[in-house]
Amino acid sequence: MTTVVKAQDLEALVVGVTLLGSGGGGDTGSFGRMLRRRLGDGELVLRDAADVPDALVSPIGVVGATSVLMEKLPSGGEFDTAVRAVSRWAGADVTGLMPLEAGGLNGLTPLIAALDLGLPVIDADLMGRALPRLDQFSWAVAGRSLTPCALSEPSGQVIVVDNVDAAGLERAVRSFVAHTGGWAVLALAPTPVEAAAADAVQGSLTRALALGRAHAALEPWATPADIADGLGGRLLASGRVEQVARHLIADGGAAFGRGSVCVVDSGSRAVIRIETENEYLLALVDGTPAVTTPDLLCLLDRRTLQPIAVDAIRTGDEVLVLALPGPAWWRRSDRIAHVGPQAFGLACEPQLLEAS
């Protein structure tokens, strides 16, 4: 099945990838506007792997500090440079693209790249949501190499990385972006589409679009429970943010922001504590773990119903705390350890919503 995306669908798509970001994934608004300009009155087709059986697909996206991205947006040339570099190294031309992650701005960047390069987009990605580390790509978890790959940064520098594992690639990426523009485009090697999709989360962009459309149909005056039902999720709280705490931790020479958000439910007076890193990771209700990654925790502004990012939440905000089902790909016992709470140093077993 193919999904057609037109100009009138972009607002829903932007909201959908924001929800899949679970509070992270960067500012989707700027990339949504960029995509709107590129698309104009045209359309994008999100294709199943079976629709393009001979394609050589490169997962592509932005890595590094998304806050810097807002100061210096991509020109578009970074995508072409990265794709050409990895094609030359691999000795095969990239003939299709797919997202590195469906959550946040990386759910949109491959669509911009596809319009610029004239390539089809495969409706699959390597996370099904937003996650912070390269070793959390589904390819890496399935034992597939992430190299060779190419990195292209705004000033034109490009490097190819090969023959390293996911941890080595993470170090190479951190070093490259730290000494250049703070972010880069990452393009993985051209891979036969059947193999690329076999170890990917399929249908993720279509899910984002469906989530965005469901969100657009919500009425702000609806009850919190009805809003949660409309998005296919579970309501954890409707109330006021009473406390936001943030701090930095060091991990392998890199600093990560950690924190917690406390919300008091206006009805039951239950205290919901949400542990955060780049994304919302764990929700506890009166001290008892309720929902964890890889399911999606989303905080919505109670008045506008717009998702609020981890770095934008503030004391005094009136919010809805919702849990949405995460990608089914991660539910297998040999996979969830890579993306569950313990993968982020949280001493808690995964707490997932019931599978539908």
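Helices (H or I, at least four residues) and strands (E, at least two) are DSSP runs here, numbered from the N terminus. This is a predicted model, so to speak of local features takes pLDDT of at least 70, side-chain atom pairs count only at pLDDT 80 or more, and totals for chains, interfaces and linings use all residues. Residues are numbered from 1 along each chain as its sequence is written, and side-chain values use heavy atoms, with hydrogens and water left out.

**Two loops with positive phi**

Select Asn 163 to begin, in the loop between β8 (158–161) and α7 (166–178). Most residues other than glycine have a negative phi. Asn 163 has a positive one, near 60 degrees. Is Asn 163 buried or exposed? With a relative accessible area of 72%, Asn 163 is exposed (buried means under 20% relative accessible area, exposed over 50%, partly exposed in between, with a 1.4 Å probe and protein chains only).

Now jump to Asp 286, in the loop between β15 (280–285) and β16. Asp 286 is not a glycine either, and its phi is positive at about 50 degrees. Its relative accessible area is 53%, so Asp 286 is exposed.

**Two cis peptide bonds**

Most peptide bonds are trans. Go to Thr 147 and Pro 148, though, and you'll find a cis bond with omega of about 5 degrees. Pro 148 is in the loop between α6 (138–141) and β7 (149–152). Then pick Thr 293 and Pro 294: the peptide bond from one to the other is cis, with omega near 15 degrees. Look for Pro 294 in the loop between β16 (288–292) and β17 (296–301).

**Tryptophans and arginines**

A pair of aromatic rings is described by the distance of the centres and the angle of the planes. Rings of Phe, Tyr and Trp (its six-membered ring) pair if their centres lie within 6.5 Å; planes under 30 degrees apart count as stacked, over 60 as edge-to-face and the rest as tilted. The structure holds one such aromatic pair. The ring centres of Trp 329 and Trp 330 are 4.8 Å apart and their planes meet at 80 degrees, so this pair is edge-to-face. Trp 329 is buried, at 11% relative accessible area, and Trp 330 is buried too, at 0%.

For another example, select Arg 144 and Trp 139: the charged end of Arg 144 sits over the ring of Trp 139, 5.3 Å from its centre.

**The second largest pocket**

Last stop: select Arg 207, Pro 325, Gly 326, Pro 327 and Ala 328, which lie nearest the centre of the second largest pocket, among its 14 lining residues. Both β11 (201–202) and α9 (204–216) give two or more residues to that lining. On a 1 Å grid over the protein atoms alone, a cavity is a set of points where a 1.4 Å probe fits but cannot get out, and a pocket is an open set with protein on both sides within 12 Å along at least five of seven lines; lining residues have an atom within 4 Å of a point.

Where does the second largest pocket lie? Domain 1 (3–205) and domain 2 (221–344) both give residues to its lining, so the pocket lies between them (the domain bounds come from an automatic or database domain assignment).

Note on methods. Lys NZ or Arg CZ within 6 Å of the ring centre and 35° of its normal.
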